[in-house]
Amino acid sequence: MALTRQQLSRGWTFQQQGWAGDEWLPVVQVPSQVHVDLLANKKIPDPYVDFNERAVQWIGEKTWVYRLDFVAPVTSNASITSDLVFEGLDTFATVSFNGHEVLKSENMFASYRANVSQYLKPGENNRIEIVFDSALLRGRELVKQHSHEHNFLVRQTEAGRVPVRKAQYNWGWDWGPILMTAGPWKPVYFEQYTARVADLWAQNSVSEDLHSVSGTVLAKIEGTLSAGTKVEVSLELDGKAVLQTEVQAENGAVKLPFTLDDPQLWWPLNYGPQTRYKLAARIIDATGNELDVLSRLIGFRRTALIQEPDAFGKSFYFRVNNVDIFGGGSCWIPADSYLAQITAQRYYDWIKLMADGNQVMIRVWGGGIYEDDALLDACDELGVLVWHDFQFACASYPAYDSYLKNFELEARQQVQRMRWRPSIIAWAGNNEDYQVQERYKLDYDFENKDPEAWRKSTFPARYIYEHLLPTIMSEEDPHNIYHPSSPWGDGKPTADPTVGDIHQWNLWHGALNKYQEVDQLGGRFISEFGMEAYPHITTTQRMTTKPSQLYPGSMVLDFHNKGIGHERRMMTYVAENFRVRTDLASYTHLTQVVQAEAMRFSYKTWRRDWGAPGARKCGGVLVWQLNDCWPTMSWAVVDYCLIKKPAYYAIARALRPVDVGVARTYHDWTQTGYYVDENSKLCTGQVDQTLPARRCSTFSVWAASSSVREVDAIVTVRFISVRSGKDVQPAIQRRITVGANCTTDIFKDEALAASMQSPEDETRPFDTDEYDPYVVHARLTLDGGSTVVTDTAWPDPVKFLDMADREVSFEVSDADSQVTVSAQRPVKAFVFEEVEGLELSDNGFDLLPGEKQVVKVSGPLKPSELRWTHIEASGPSLKIE
């Protein structure tokens, strides 16, 4: 009999255990979670709106029951196995089938298969009942139960989350709500078979010269194989077989060594094609009937994490197919607080958005989930490299026996689930748990190499990150990369910029450094940093039913922003750099510009540190974060509705295959940075905001390339008055060759003229009417003029500048779906107002006299219907005239 699979998605009902009467409410479909079903039945208000999150906290304290009656098919084959398959149960679940308990789960991340053959009623109704205990209460009970052997310490939310193998963000985070979900959050199936292909992958290694790949096809077979049954293994490329053979399974295992000459390789985004081979295993019985087949699209690539001593400490960057890859991209959190309602198309749209924005790497954060196959399919297809954390975040986790057993099941399943995917380039043991070790001064002696001693220490999770997980990886996916934690570097302090990866939170958090200071904040790989911003207006409007709450800092909007101290931090960055506006639209624009500027400075500066082979000071930059799990203000560069903030475009420009950067001397206008006391060596003088106009500053221009070939280009540098829009001195033009996959310095520390008359005369009063600051604008022309990339360095802070009438003009063509924007004077942060579904080829850019910005438009708005603004525009939402 061929395997049959019936997805049990319809006909479910649910209730709260202990409800009065016997009321069972309908479930629209499974996968689902209790909040989704209560919403559909109008039993609760929408937790994403107003303060309703607080009104649904009771849900997490209750026990919920899901039930399904379905008719099982009639079959005469006595050797058939009948299984219930649960791809994910959230979290403490007891499953009964026709009144018999068949399964207990304590792990949201594990999948389960229950053989129900002995209880099956063919041709009749069969009942599945799943009881979901409260993970919130069970977590608290586990803390009490194990408090004698472990100190459950956390940096986010409550300690009850730590012993529970459940998405940690369900307890709330500094960007998301507290929504303690429960339910069958992944698909449920009823399967019948005599034999099935349970697993399939090709463990392989690409040769150093890339001319061959060798390895072993491994398949796991379950069920009964009768005499004469064989397993057919095939490997195809574009429909043509490159390997096809029949083998016998021995003890349920198939092992087939193979070698391919001149394989077509899988490459990351912008480095080459994402070639994938179709690997299949078929069980064929003695009569030639196919009993089951499992196929996967695999890719061959050679990967390495390069950690070598150099002039800056020890390198940290990825190499794929012998090419060094600058890991520019984003960190990823779960795309919704209700995981069951995320569609495959929505996952694809998120990864397509990354690829369109030149982002080559996504880091799946350790406080969410092991990501969905649909997201990983998109990464395989589009060439986005996946750095995946194991699911631990911001806590001191235990290592008692039952916890380790529960976790090991999860870890092995997840590594097996992903090991055949070409996009999965690295696993990390956790997120920031070594920072918890540092904060609470838990035991950690890097020279102590005794894993059993680690289990008995005050930091027992080291056993997981430095012993158990390396063991699992070596057994399940020996050729993949494993990193003990993020951040982590050779057991040194997690903030050490010379080794490993770092989470650079002295932007926004910590020292609250200005984004103009990111050149002082680099590291070998920046795997987290960020800056908060409001989403576009339409998303903010979804947060409240009350128009009276639509102003910055309203009670509702502050409630939705979960970031600690967000008010003072956000306003600090806005007020330091721009003239403050307090209506919602204007303030939204200002926060978005701050975020975009932080992204521009960070990505351009740290990508400049990519350097050259042997001197790769920075191996990658991953912003915290790409996305949101609900409508909110956060560090996300694209909001919950997939509406891009200007920061998204700033990153896309900074990660172009060949990009240009320009920087000028940074003059701190708020600190006492100009007078150093000789005795104390401290900066003790007063701030003089006029010094930047008087002093001779410098500028630098560079090109950053990920191209594997040199590129000829022409660079032009202009110096344009902010006030008049005229060039204050002749432009500089030079023909250059941009080096392959490196940074090319074009101008370095070249002198800039003063921005005022007689700058050397300190007795002459400073006159703001005579002050004529200018931007430094670099333009790199490639490919014979068909490609132009630009960058502009403004005098800081922008709030000091005279930004009167910029004379912005438009050429609109609805027929061609494009709008061309230009200006007579320099414009800072021109932004088209975005809505859900709108696609723009660029946004959030500066405008310079003599240049035109062409923007392609698709989606719900025509080009003529776009609304716009910029810094110091006459309004926050202007029509195109």
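Analyst: The model is a predicted one. Strand E40 covers residues 827–832 and is joined to E42 by two bridges. These two strands run antiparallel.

Now widen the view. E42 and E40 belong to an open sheet of four strands, in the order E42-E40-E44-E45. The pairing in this sheet is antiparallel. Strands E42 (845–847) and E45 (878–879) each have a single partner strand, so one side of each has no neighbour in the sheet. As a general point, strands in a sheet pair through backbone hydrogen bonds, in either a parallel or an antiparallel sense.

Another sheet can be read the same way. Here four strands form an open sheet in the order E1-E10-E5-E8, again with antiparallel pairing. Its edges are strand E1 (4–7) and strand E8 (112–115), each of which pairs on one side only. From one strand to the next, the twist averages 20 degrees. Look inside this sheet at strand E5 (residues 81–86) and strand E10 (residues 188–193). They pair antiparallel over six bridges.

Follow the chain on from E5. The loop between E5 and strand E6 (92–97) holds Thr91. The peptide bond from Asp90 to Thr91 is cis, and its omega is near -5 degrees. Trp624 and Gln625 are joined by a cis peptide bond, with omega about 15 degrees. Gln625 sits in the loop between strand E30 (620–623) and helix H14 (646–654). Asp238 is not a glycine, yet its phi is positive, near 55 degrees. Asp238 lies in the loop that links strand E13 (230–237) and strand E14 (240–247).

Turn to a helix pair. Helix H4 (residues 344–356) packs on helix H5 (residues 373–382) at an angle of about 35 degrees. The axes of H4 and H5 are 8 Å apart. Their crossing is right-handed. On the H4 side, the contact residues are Ala344, Tyr347, Tyr348, Ile351, Lys352 and Ala355. On the H5 side, they are Ala374, Leu375, Ala378, Cys379, Glu381 and Leu382. By class, this contact has 10 nonpolar residues, two charged and no polar.

Finish with empty space. A rolling probe the size of a water molecule shows where it is left between atoms. The largest pocket holds about 1500 Å³. Its lining has 48 residues. Nearest its centre are Glu87, Ser111, Arg296, Asp373 and Arg417. Which strand gives the most to that lining? Strand E17 (residues 290–298) does, with six residues. The lining divides into 25 nonpolar, 17 charged and six polar residues.

Definitions and conventions:
Residues are numbered from 1 along each chain as its sequence is written. This is a predicted model: local features need pLDDT of at least 70, side-chain atom pairs count only at pLDDT 80 or more; totals for chains, interfaces and linings use all residues. Side-chain values use heavy atoms; hydrogens and water are left out. Axes are lines fitted to C-alpha atoms, for helices over the stretch in contact, and angles run from 0 to 180 degrees between N-to-C directions. A crossing is left-handed if the near helix is turned anticlockwise from the far one by less than a right angle, and right-handed if clockwise. Contact means heavy atoms within 4.5 Å. Ala, Val, Leu, Ile, Met, Phe, Trp, Tyr, Cys and Pro count as nonpolar, Asp, Glu, Lys and Arg as charged, and the others, Gly among them, as polar. On a 1 Å grid over the protein atoms alone, a cavity is a set of points where a 1.4 Å probe fits but cannot get out, and a pocket is an open set with protein on both sides within 12 Å along at least five of seven lines; lining residues have an atom within 4 Å of a point. Grid points are joined across faces, edges and corners, and a volume is the space filled by probe spheres set on the points. Two strands pair if DSSP finds at least two bridges between them.
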